[in-house]
Structure formats: structure tokens, C-alpha cells
Amino acid sequence: MSVPEHYSPVMPYLVVSDADGFIEFIKTVFGAEEKLLVNTDDGSVMHAEYSINGGTIMFGQAGGEWKPSPCGMFVVVDDVDVIYRKGLENGATTIQEPGERGYGRAAGFLDKWGNQWWLNDPDTRED
């Protein structure tokens, strides 16, 4: 089996309204990098693959039979507070403010597409 290098065995697949806006959100907040973008004849996003810190998320534009399908994602980041703040500055709402937890510094926010983003810096964990 030939699998692209940026794939992992399990990856989230989202169906989002305003896929172009979602792309701008993940690029601005997470520095997401485009791996693949396939548009339909009308220019909307049929299928996209973007990498965040080496992990890939896939998504497409909602419409017709494809209803929005959000999910929750756990993202390891270098600075929870910075990413959390960027999320809120770009329209997300808080789920959990940044704080020290048993598994490291963590926070969570909900984007305007209904996706939950759980941020974690495990390097801050006290063993």
C-alpha cells in the first residue's frame, strides 16, 4: 500500500460550511500547511488535507447530501496560551481556559464550525 508521508493511521475528516474560511482559520491559528486541495468545478473545496504540527486533518465543503460534521481534536502545541489566544482572536469561544493539569498545560476552544480543539503541551507535565 502506498500511503502519503503526511498520513497517520487514523485522521479526522470534517465536513464544514465555508471551507475557505476554515482554511484561513487553521492557517492563522495553527500555521497549518496545505498538503492537498481539490476543488469542484464551481471552485468550492471538495477535499482538503492540511498538516498541523505533522498531523493531518482532512475536510470538505458541506452542501447537498454532505451535512456539516464537526469533531474534537487533540493538538500538541509548543505554547498553549499563544494558540488559545489566537483561536479566540479568530472567532473561537472558550471551552477551558489555559491551566496546568496532570497531563501538562492545556486549554480548549470551540471554533465557529462546531469543532472542539483541545490544546496540550505535555512538556510542562510534572511527573
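**Figure 1. G72 in strand β5.** G72 lies in strand β5, which spans residues 72–76; strands are DSSP runs of E of at least two residues, helices are DSSP runs of H or I of at least four residues, and both are numbered from the N terminus. The model is predicted, so local features need pLDDT of at least 70 and side-chain atom pairs count only at pLDDT 80 or more, while totals for chains, interfaces and linings use all residues. Residues are numbered from 1 along each chain as its sequence is written, and side-chain values use heavy atoms, with hydrogens and water left out. At 47% relative accessibility, G72 counts as partly exposed; buried means under 20% relative accessible area, exposed means over 50%, and partly exposed lies in between (1.4 Å probe, protein chains only). The C-alpha atoms of G72 and N115 are separated by 5.6 Å, and the two residues are 43 residues apart along the chain.

**Figure 2. The whole chain.** The secondary structure of the protein chain comes to 2 helices and 8 strands. Along the sequence the pattern is β-α-β-β-β-β-α-β-β-β. The C-alpha atoms fill a box of roughly 50 × 35 × 20 Å along the principal axes. A compact globule of 127 residues would have a radius of gyration near 14 Å, and the 15 Å of the protein chain agrees with this; the radius is taken over C-alpha atoms, and the globule rule is 2.2 Å times the number of residues to the power 0.38. Buried residues make up 36% of the 127 residues. Among contacts with a separation of 6 or more, 51% are between residues 24 or more positions apart; contact means heavy atoms within 4.5 Å. The accessible surface comes to about 7,300 Å², of which 50% belongs to carbon and sulfur atoms (Shrake-Rupley method, 1.4 Å probe; for residues, only the protein chains shown count as cover).

Figure 3. The protein chain has 9 positive and 21 negative side chains, and the centres of the two sets lie 4 Å apart. Lys and Arg count as positive and Asp and Glu as negative, with His and the chain ends not counted; each charge is placed at NZ of Lys, CZ of Arg, CG of Asp or CD of Glu. The whole structure holds 3 salt bridges, a salt bridge being a side-chain nitrogen of Lys or Arg within 4 Å of a carboxyl oxygen of Asp or Glu. One of them joins the side chains of D81 and R105 at 2.6 Å, N to O. This pair links distant parts of the chain, with D81 in helix α2 (residues 80–89) and R105 in strand β7 (residues 104–110), 24 residues apart. D81 is partly exposed, with a relative accessible area of 26%. The side chains of E100 and R105 also meet in a salt bridge, 3.1 Å from N to O. Through shared partners, D81, E100 and R105 form one network.

**Figure 4. K27 and E24 in helix α1.** The side chains of K27 and E24 form a salt bridge of 3.8 Å, N to O. Both residues lie in helix α1 (residues 19–30), 3 residues apart, about one turn of the helix. K27 is partly exposed at a relative accessible area of 38%, and E24 is partly exposed at 43%.

**Figure 5. D121 in strand β8.** D121 sits in strand β8, residues 116–121. D121 is buried yet has no salt bridge; the nearest side chain of opposite charge is that of R105, 7.5 Å away. Apart from neighbours within four places in sequence, D121 is in contact with V77, D78, V80, G104 and R105.

Figure 6. T56 is found in strand β4 (residues 55–61) and counts as buried at 4% relative accessibility. Neighbours within four places aside, T56 contacts H6, Y7, M11, P12, E49, Y50 and S51. I95 is found in strand β6 (residues 93–101) and is partly exposed, with a relative accessible area of 36%. Not counting residues up to four places away in sequence, I95 touches G108, F109, L110, Q116 and W118.

Figure 7. Most residues other than glycine have a negative phi. D18 has a positive phi near 55 degrees and is found in the loop between β1 (13–16) and α1. N53 has a positive phi near 50 degrees and is placed in the loop between β3 (45–52) and β4. D18 is partly exposed, with a relative accessible area of 39%, whereas N53 counts as exposed at 55% relative accessibility.
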